[in-house]
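Please look over the sequence and the fold before reading on.

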Amino acid sequence: MSQADQATIDLLTDYFNAMEAKNYDRLGAYYTDDISLTFANAAAITGRKAVLNQMATMLGKVASLAHPLINVWQEDGGVVIFEVTSIWRLHDDSEVKINACSIFTLVDGKFTDQRIYVDNAPVDRYLS
């Protein structure tokens, strides 16, 4: 597995910055019309509108959500595998950090598939 090139790291960084800023127009520009998102054990959802709706619902529950990159690898065919520390900033100013690993597929600078592997139980405890 090869380390990702700087352009891919920059793309991921900008994508996660858009997520943290809750800039849904910018976020949506990273998705193909037929993107597929599988988040942990949830059923996959398909389509830009459905994925943006899911993101808006999730991000509406928190003050912000950052994703500092730890490691990023890149394979042929646009497959990018990366580790992040998800930093959930809650409305009461508390913060929860969770490590995650994801596999995203990129085609022409847009995500066609996102598979996010994480245990969000610590965040769920705060939000319930």
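## Nonpolar core

Which residues touch the most other members of the largest nonpolar core? The model is a predicted one. Its largest nonpolar core holds 34 residues, and Tyr15, Tyr31, Met55, Trp88 and Phe111 touch the most other members. Two or more residues come from each of α1 (6-20), β2, α3, β6 (79-89), β7 (95-107) and β8 (110-117). Helix α1 gives the largest share, 6 residues. In soluble globular proteins, nonpolar side chains tend to be buried together.

Leaving out residues up to four places away in sequence, Trp88 touches Met58, Val62, Ser64, Leu65, Ser94, Glu95, Val96, Ile98, Asn120 and Val123.

## Ser64

One of the residues that Trp88 touches is Ser64. Ser64 belongs to strand β4, residues 64-66. Its relative accessible area is 10%, under the 20% cut-off, so Ser64 counts as buried.

Beyond four places in sequence, Ser64 contacts Glu20, Ile87, Trp88 and Arg89. Met19 is 45 residues from Ser64 in sequence, yet their C-alpha atoms are 8.2 Å apart.

## Largest pocket

The largest pocket has a volume of about 400 Å³. It is lined by 19 residues, and Phe39, Gln54, Met58, Asn120 and Asp124 are the closest to its centre. Elements β2 (31-39), α3 (48-59) and α4 (121-127) each give two or more residues to the lining. The largest share, 4 residues, is from α3.

By class, the lining has 13 nonpolar, 3 polar and 3 charged residues. Met58 and Asn120, both among the residues closest to the pocket centre, are also touched by Trp88.

Conventions: Residues are numbered from 1 along each chain as its sequence is written. This is a predicted model: local features need pLDDT of at least 70, side-chain atom pairs count only at pLDDT 80 or more; totals for chains, interfaces and linings use all residues. Side-chain values use heavy atoms; hydrogens and water are left out. On a 1 Å grid over the protein atoms alone, a cavity is a set of points where a 1.4 Å probe fits but cannot get out, and a pocket is an open set with protein on both sides within 12 Å along at least five of seven lines; lining residues have an atom within 4 Å of a point. Grid points are joined across faces, edges and corners, and a volume is the space filled by probe spheres set on the points. Ala, Val, Leu, Ile, Met, Phe, Trp, Tyr, Cys and Pro count as nonpolar, Asp, Glu, Lys and Arg as charged, and the others, Gly among them, as polar. A nonpolar core is a set of buried Ala, Val, Leu, Ile, Met, Phe, Trp, Tyr and Cys residues joined through side-chain atoms within 4.5 Å. Buried means under 20% relative accessible area, exposed over 50%, partly exposed in between (1.4 Å probe, protein chains only). Contact means heavy atoms within 4.5 Å.
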